[in-house]
Each structure stands twice: as structure tokens, then as C-alpha cells.
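Trainee: Let's go through this one together. Where should we begin?

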Amino acid sequence: MAEFKVVLTDNIFPDLNLERDMLAAAGAELVLADPERDLAEELKDADAVINTYAKLPAPVIEKLERCRLIIRNGIGVDTIDVAAASQKGIMVANIPTYCLEEVATHATALILACNRKVVFLNGKVKAGIWNVKLAIPIQAPEASVVGLAGFGRIPRSVSRKVKALGFDVIAYDPYVAQADADVYGVTMVDFSTLLAKSDYISIHCPLTAETRGMFDYEAFRKMKRSAYLINTARGAVVKEKDLVAALRDGLIAGAALDVLETDGIAPDHPFLKMENVILTPHAAWYSEQSILRRRTQTVEEVIKVLKGGEPTSFVNRRSIVR
């Protein structure tokens with residue numbers, strides 16, 4: 001009989017052979033929670049919980065009897081009530097680097113697609129219209145500013161990529177000092193300046209109470225009418241209805257979105273009829289290599305904690321109740 005029980009709240013992978021084999025070698029059994037049963041009951045005797053998209057609110061966490069670790073099989077931890085876990089003395093962790101370059105590359109690709117109006121022109125050509133003048137105006141990268149909302153690992157990689165293409169880069173992040181940004185040749189600014197100066201704003205902040213809905217109609221009013229919004233972070237950082245209104249009212253030139261307020265899009269969503277909106281299906285994280293990193297790094301962190309260690313990315317280190 002296994003010494004430890006690890007429960008996976010929900011699964012997106014075709015199989016769990018890799019996870020089962022790694023955990024079995026460490027004396028742990030992997031159990032996939034039954035979606036038809038009460039999640040709190042499924043998790044209550046787990047030594048560790050791996051979480052993907054299922055919500056873990058306080059009432060579920062409070063019923064955990066011996067859990068040492070809740071780890072998000074991804075980057076954002078907005079699915080987990082971190083405060084409740086801290087009160088229970090449960091470590092919360094994530095895997096912040098497994099798709100760092102993939103997301104940075106995807107964001108850069110969306111910035112370039114907006115800059116060169118690639119998707120718009122492709123649609124026109126396929127509709128039988130061969131006319132470059134429809135793209136007027138297009139500005140050269142060296143005449144354009146990329147603004148980064150957040151300046152953690154991923155946006156720092158974005159800054160390197162877009163600066164290599166000739167863009168000037170500014171960033172807003174109240175938790176990052178100018179000295180830290182100097183290494184990347186990036187100027188830190190306040191939020192109002194980010195909105196006013198940027199030709200492309202790429203969102204890279206986590207979803208928190210502070211950032212939820214920070215890009216609202218008033219924010220769009222402060223942006224250039226020629227500016228584009230790019231989001232590869234969390235959909236709820238943007239007030240979606242306000243963005244629709246801003247695009248209809250011509251407050252900004254367009255948007256490129258990998259994430260929406262909900263994962264998926266209704267067939268009657270206004271974005272689907274807007275030529276100036278590029279949509280990808282929460283794909284920025286994906287490569288064959290990132291999938292392998294995501295799976296192995298998650299299990300490695302679980303094993304580390306089960307053996308008495310601490311996770312590498314210890315989200316609630318400062319607030320956990322011992």
C-alpha cells in the first residue's frame with residue numbers, strides 16, 4: 001500500500017501514466033477526483049493536491065485533513081483560496097516557468113500580427129481583395145512603443161524579443177523597481193503613462209483583487225486611438241463588455257486575445273464579428289515541450305514536499321500558519 005495519497009482535482013492530459021509512475025517510485029498513489037462526487041470528500045484525506053482548473057474555495061480547503069501541499073498545475077493560482085490554505089498551514093505552489101518562453105513568444109507574435117495587420121490582410125485577400133492600402137497606416141517598430149502591464153518573468157522575456165525587433169519598451173508594475181528594469185533596457189512608468197504612451201499594451205499581470213477589471217472603459221479612454229491591447233495572462237484582468245464597447249466606439253484600434261473572462265467563447269460573441277480582434281483559444285502556454293515540463297515539474301514538486309522539503313515556487317511562504 002502506498003505511503004502517500006495525491007489527488008488530482010481535474011485532468012487535461014490524454015493519460016496519467018507519467019504522473020503515476022513518478023509518484024509510485026516515491027511511494028505515492030495518484031487518484032483522479034471523480035467529477036460526479038463532492039470535491040471536498042474526494043480531497044479530504046489527500047497528502048497533496050494537484051489542481052488544474054477546478055475551483056478550490058475555502059469550504060473545500062477547510063475539510064482537508066492532512067494535506068501538506070496544493071500545487072497548481074500551471075502558473076496562476078486564482079483557482080485556489082490561498083488565504084484559506086495558509087490558515088490551514090498548507091503550502092501553495094505553482095509551476096511558473098514551464099511555458100515562460102511559449103507565452104512570451106505568443107505575446108510577441110500577437111504584437112507583430114497587430115503591428116503588421118497580418119490577420120486583417122489575410123482575411124481581405126481570401127475574400128478576393130488585393131489592396132495593401134487597406135492596411136494604412138502601419139508604423140515601423142522603431143516608431144512604436146510596447147507597454148507591458150506587469151514585469152515578471154514572462155514580460156521580461158517579451159521585452160527582450162520586441163526590443164530585438166526595434167520596439168521601445170515601457171512597463172507598469174508597482175512591485176518592480178527601475179533598477180531591476182534597467183537590465184532589460186525598460187523604463188518603468190505609472191499606469192496612466194502606460195495607457196497614454198503605449199502603441200501596444202501586452203498584459204502579463206496575475207489575476208488578483210487588485211488587477212481584476214483594471215482594463216475598463218476608462219482605461220481604454222486613456223489609450224491612443226491607434227493602440228492595440230494584447231492579453232495572454234488572465235481574461236478577467238479586462239472588463240470584456242467594456243472592451244467590446246471601446247472597440248465599437250473607436251477608443252482603441254484593436255485587440256489580440258488568448259484569454260477571455262470564461263474559457264471558451266459563445267457563438268454570438270461580438271468579438272467574432274470584429275475584423276480588428278484576433279482570438280486564439282488559450283493556446284499561448286502550449287508546445288510539446290511545455291506539456292512535458294508542466295507534467296514532470298508538478299510531480300517533482302509534490303515529491304519534494306512529501307519527502308519533507310519545500311516547493312521551489314512557494315506562493316504563500318510569508319503568510320502560511322505553521
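Mentor: Start with helix α5, residues 100–116: its 17 residues should span 24 Å at 1.5 Å a residue, and its end C-alpha atoms are 24 Å apart, which agrees. The expected span is 1.5 Å times one less than the number of residues. Helices (H or I, at least four residues) and strands (E, at least two) are DSSP runs, numbered from the N terminus. This is a predicted model: local features need pLDDT of at least 70, side-chain atom pairs count only at pLDDT 80 or more, and totals for chains, interfaces and linings use all residues. Residues are numbered from 1 along each chain as its sequence is written, and side-chain values use heavy atoms, leaving out hydrogens and water.

Trainee: How many aromatic pairs does a search of the whole structure find?

Mentor: Rings of Phe, Tyr and Trp (its six-membered ring) pair if their centres lie within 6.5 Å; planes under 30 degrees apart count as stacked, over 60 as edge-to-face and the rest as tilted. The search finds seven.

Trainee: Which parts does the pair of Tyr98 and Trp285 tie together?

Mentor: The pair is tilted, 6.5 Å centre to centre, with 50° between the planes. Tyr98 is buried at 3% relative accessibility. The parts tied together are the β5–α5 loop and the β12–α12 loop.

Conventions: Buried means under 20% relative accessible area, exposed over 50%, partly exposed in between (1.4 Å probe, protein chains only).
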